[in-house]
Amino acid sequence: MRDSCERRFQGLPNVEIHEGYGLNIPLPGNSFEYLMSNLALHHVPPDHKANCAGEMVRVLKPGGRLIHADVFSGVPGPPEDPERTRDIIERIVAKALYSLEHGAYGLMLGELNSLPRILMEDGEHLATTGEWAEVLKAAGFGSFEVIDRPPVGLIKIVCGRLEG
């Protein structure tokens, strides 16, 4: 994903792409006005979300903005909760069907293949937008906007602004 991003933004002087780990971002504090995470933070285990949010706050300048685009669940709870499980199955199948309908057969297969890992929380930890908003607010983000992207209800963008 990083290689694809580097090719897409190659030559733009105001874009920097760095490899790192969300719990220890290898950059100095107050480095950025904007921070973008795209389909990555659902890999952060629940017990590490606060540390990850703290790192994002650390590298953002006061008043900086985070764009957190990801797959979210619509129902909080433990992995074995039937209501949460049904919600996740419906969301992933909707995403797979959306991909199929838009000519992305391989992507559709990948999405369906990921379903067991998501349900077992095997490197995939879907949270609700509200759960992430709470963690981000505790870390220092002050205001949020949630934007639905197709397929509606699955892909969301949580935009947060640092206080100060």
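The report below takes these topics in turn.

## Basis of the model

This is a predicted model, in which local features need pLDDT of at least 70 and side-chain atom pairs count only at pLDDT 80 or more, while totals for chains, interfaces and linings use all residues. Residues are numbered from 1 along each chain as its sequence is written, and side-chain values use heavy atoms, with hydrogens and water left out.

## Strands and crossover

Strand β1 (residues 32–38) and strand β2 (residues 60–71) run parallel and are joined by 6 bridges; strands pair if DSSP finds at least two bridges between them. Within this pairing, N38 stands opposite A69 in β2. From β1 the chain passes through helix α2 (residues 49–59) to β2, in a β-α-β crossover that is right-handed (with the strands pointing away from the viewer, the path from the first strand over the helix to the second runs clockwise). Helices (H or I, at least four residues) and strands (E, at least two) are DSSP runs, numbered from the N terminus.

## Cysteines

The structure holds 0 disulfides, a disulfide being a pair of cysteine sulfur atoms within 2.5 Å. C52 counts as buried because its relative accessibility is 2%, whereas C5, at 29%, counts as partly exposed (buried means under 20% relative accessible area, exposed over 50%, partly exposed in between, with a 1.4 Å probe and protein chains only).

## Nonpolar surface patch

I89, V93, L97, L100, Y105, L109 and L112 form a nonpolar patch on the surface, with about 580 Å² of accessible area together. Patch residues have over 30% relative accessible area and no salt bridge, with nonpolar side chains (Val, Leu, Ile, Met, Phe, Trp, Tyr) joined within 5 Å and like charges within 9 Å; a salt bridge is a side-chain nitrogen of Lys or Arg within 4 Å of a carboxyl oxygen of Asp or Glu. Areas come from the Shrake-Rupley method with a 1.4 Å probe, and for residues only the protein chains shown count as cover.

Helices α3 (82–101) and α4 (105–119) each supply at least two residues of the patch, and α3 gives the most, with 4 residues. L97 lies in helix α3 and, at 43% relative accessibility, counts as partly exposed.
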